[in-house]
Amino acid sequence: MADAFVYDHVRTPRGRGKASGSLHPITPVELTSQMLSSLRDRNELDTSYLDDVVLGCVSPVGEQGANIARISALTAGYEQNVPGKQLNRFCASGLEAINTAASQVMAGQSDLAIGGGVECMSRVPMGSDSGAMAADPRVAYDTYFAPQGISADLIASKYGFSRDDVDGYAVESQKRAANAWEQGYFKNSVVPVVDRLGMTVLDHDEHMRPGTTKDDLGNLNPAFVIPGEQAGFDAVALQRYPEVEAIHHVHTGGNSSGIVDGAAGVLIGSKDIGDALGLKPRARIKGFASIGTEPTIMLTGPAPSAEKVLKRCGMTTSDIDLFELNEAFASVVLLFMQQLDVDHDKLNVNGGAIAMGHPLGATGAMIFGTVLDELERRDQSTALINLCVGGGMGTATIIERV
Amino acid sequence: MKTIRFEVDSDGIALLTIDVAERSMNVLTPELQADLSESIDKISSDEAIKGAVITSAKSSFVAGADLMSMVNAYEDGRSAAEKYEYARGFQQILRRLETCGKPVAAAINGTALGGGLEICLACHYRVAADVPKSVLGLPEVQVGLLPGGGGTQRLPRLIGQQAALQLMTQGTHLKPKAALEQGIVHDVVALDDLVPAAKRWVLETGDPVQPWDKKGFKVPGGAGLMHPGSIQTLMVGSALIAKETNHNYPAPIAIMSCVYEGTVLPIDAGLDIESKYFVTLLMDPVSRNMTRTLFINKGAADKLVRRPQGIDKTKVTKLGMLGAGMMGAGIAYVSAYAGMKVVLLDRDRDAAEKGKDYSRALLQKRIDRGKMASEKAQEILERIVTTDDYAELEGCELVIEAVFEDKGIKADVTAKTEAVIPADAIFASNTSTLPITGLAEASKRPEQFIGIHFFSPVDKMPLVEVILGEKTGDRATAVALDYIQQIRKTPIVVNDSRGFYTSRVFGTYTNEGMTMLCEGISPALIENVAKQAGMAVGPLAVMDEVTLELGYHVGKATAAALGDDYKPTTGSPVIERFVEELDRRGKRFGKGFYDYPESGKKHLWPGLSEVYPLADPQPSPDEVRKRLLYVQALDTVRCLDEGVLTHPADGDIGSILGWGFPPYTGGTLSLIETVGLQTFVDECDRMAAAYGERFAVPDSLREQAKAGRGFYAEDSMAARSAA
């Protein structure tokens, strides 16, 4: 089997996911095109060598619909022989796109491909694609569907994470993200988004609230009380987990991932194509895995997916230098650290989605790039990238610097 | 045609008057369906007929399906395909009605429920008479079914998914004017003008095409999963159904699925989906259980099926109520409300007045809510006379005592009362713990002494348990039952035993909860599983409500009464520990199994896990559920064996209406039939080995399982008494 190497990655800054967000006027195709253009330009890439552009997108409808990967490649000026496809593994879509592109290279059926993702949550709100999962009565009832906020609160209730615990985690995420921006850790990967006249629209993650304290967070109201208590979802969660006395609603906008706009892409290829095009490999993709877990609690997939990929690679957690787990909700990360006995010093060292936001389809590719940059900065070797996934899944990838 | 009078007037309008013989209300018998079908053929084929109006000769329109046939449908041995053909029958008659090519109006002269309303929905125009007692609705969900005559398809197409779902999943009854506001009927008129109004529509407007058969029809408010409002309705609706049913009742989600799946299709395809879901419900024991216990058997109980024969109907005009505490006050209220004069007696006038205050408060609430005129409330209050003088009991046909649970005190009031009441008056005790035979020893006329056991709060609880002492005579039983009918409650009749039927069996539930706690089973698991199994309150929460202290005293009293025969229950060490050692005596004392913080909700006392450390591993939720439900079912079988119960229907009705055993089961005995007799026996054998003799299977049940004889089989009680 061939190796899949990582040659480069870029991401856009993350704009606040509402009408006041800086990226709100930019269409999803435009945002993706700018990301793809930078990846081409900074590598002086002859795009005709690309065998595929694989992009994750979680709400692929409206202006994100109809295969945004192919359309964005065209509008970015990629050669027309470059095909594109869009995929959806919910929150891990961006990472899944990388894994898919890598697997094509490993199988010898692609030489060079891009994996990444996009989500303009200010323009195509979460849930715009509907779906049977939540709303077909038979399906939702039989699978004990609950929205992810309830699942996150269920995790906290079942595993004993208090409001103080989750807020404490969130404060640290903000602190680390602010520090990373101050120190310029992201500057090589974040490409500013520009308008039609070439003027910068956004060059930093605008969701962040540096200096947030626990007191600030303590003043926020729990976000999922209404769906839990009035729409019946607490009861549904307890039907699946009757050993939990009650759902304690601890998650707020402050300790959950932010709703933002953004896009990211990773250039992946074989050794030969790198040599031929004069590209320098930065890391090797050692392995990846996805897994299904109980769908009502939904967000407990990270640990099992991490264990699955570690086993596949013949590794243990002690072989991993840095962990990058998407901060969908604070309880998800706290549970992962508890289950795999991972120290916070090695995990999300530059903050995460609680501070900077979670553009659903793109996040997997963003955190993939973030941790690769950090391995290089620290001159360390291995990292595990991991996300919890809607519907009860987890996706994980291990990379190793070369 | 025997059930429909078919007349054509000079304008060419056929008037179909439904009149099912030998029934107080029209129900959808096979004959009525056949006659309706024949009428449709006439309307569509006879060129002289311009249109039609459907009405009823009775004070109601059509009250719905023939429930007896629904009970039998569960075990009639017919295949799903055969049941599907049956389900399609009525539905397709109505489809032919609305596509017959001529305008048809429903003249809804009175109550139209279930299939009755479905006939109306298949008409092109609906006008209802403004009759006070008339209600419209699709209440099939209450017997575990769905509106299978097109209701799930026509109603959402008429008024939108959300409103239709609300009505069908709750089984709501609407007054004609509310139905007009909801858009279910087109007009409400005076009864005199009903048929003329319907005929006017046929002549003047007379559109013979339903909205959903017109090109470009859209479901009001949207449908399917591409419409934001519809998505929201379906998503939240599904979760709320899960919350309300705990997955125990299959009908509400089936109704929702019919609406979701059907409304994105042409109506004929939607109707087909409805029929298929209808068949799944017919084949589910829940519909059999609910229909049999809550309608057929409860209906029979309300008609006093257990009343001894050959005794003239009696009526209580003056009731004596001894003791104006919570129970006495409640009994006084419901009796005065039902029109009786009530003498409310306590040790002094103040105490008696306090009891009357209860009625004042309840009536005021009704006035405030606009449910009663203050004059009417005043009349009721005036019927309650408070006193401390036994002489006022003179002339009472029935006296009920609800004084302190002490044999001596009860003997005293019995003697004082019997000194003044008429020779043929009946004396009843509302005791919940003391055997009636023992109390009757204080009576000069024990054949006129009976137990009438109410549940708290009396005004809300629908059941009354009548307890026959050894010497209680038939006339006493008849008077008690006639009285219970007067106050519009449902009676069951049981023989004397400690705890009678309801308290005794309910005690096995709380006992099992405490036993599991003692074994180290997670208290949250016990409480949540109990509620998810359909019990109204978890066993530990119930103990807190009635107080552990009361349980403690009852235990001590029972031990004293039984002497050497006393065997402590498996839960009694828990009660003793909580009362004697931990001083956590229940909710009234501010702490028990739960903590009761001043602000915020009650929660399980965190110290529980130190008193009873959690076992590892924990049992599955299903095992906890079985223990909590099966233990009650087994004790009900013992009540049949011991003659405490004389008929399974009393056991089933009493369990649901008395202590809130979950209705989907059909009651404690129907649960056993639902699980399957042999499966139940096998499970209990396993559980007896694991958890103790509480789960020991009575021989009678083992025999029944072997013979495959259900509790309601015709020969079941005979076989039981022979054994």
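Helices here are DSSP runs of H or I with at least four residues, strands are runs of E with at least two, and both are numbered from the N terminus. Please bear in mind that this is a predicted model, in which local features need pLDDT of at least 70, side-chain atom pairs count only at pLDDT 80 or more, and totals for chains, interfaces and linings use all residues. Residues are numbered from 1 along each chain as its sequence is written, while chains are lettered from A and ligands numbered from 1 in the order in which they are written.

H13(B) itself covers residues 326-337 and spans 17 Å from its first C-alpha to its last, close to the expected 16 Å, where the expectation is 1.5 Å times one less than the number of residues. Eleven of its twelve residues are buried, among them Met327(B), Tyr333(B) and Tyr337(B). Buried denotes 20 or more other C-beta atoms within 10 Å of the residue's own, with C-beta atoms placed from the backbone.

I turn now to the sheet. In chain B, six strands form an open, mixed sheet in the order E1-E2-E3-E4-E6-E9, two strands being paired if DSSP finds at least two bridges between them. Its edges are E1 (4-8) and E9 (187-189) of chain B, each pairing on one side only. Within the sheet, E3(B) and E4(B) run parallel over three bridges, and Ala52(B) stands opposite Val104(B) in E4(B).

Next, which angle separates the packed helices H5 and H10 of chain B? They pack at about 65°, with axes 9 Å apart; axes are lines fitted to C-alpha atoms over the stretch in contact, and angles run from 0 to 180 degrees between N-to-C directions. From H5(B), Thr152(B), Gln153(B), Pro156(B) and Arg157(B) meet residues of H10(B) that include Ile255(B) and Cys258(B). Contact requires C-beta atoms, placed from the backbone, within 7 Å.

Finally, how many residues does each chain give to the contact between chains B and A? Chain B provides 28 and chain A 21. On the side of chain B, H9(B) contributes the largest share, ten residues. That side comprises 18 nonpolar, nine polar and one charged residues. Here Ala, Val, Leu, Ile, Met, Phe, Trp, Tyr, Cys and Pro count as nonpolar, Asp, Glu, Lys and Arg as charged, and the others, Gly among them, as polar.

Technical notes. Two residues are in contact if their C-beta atoms, placed from the backbone, lie within 7 Å.
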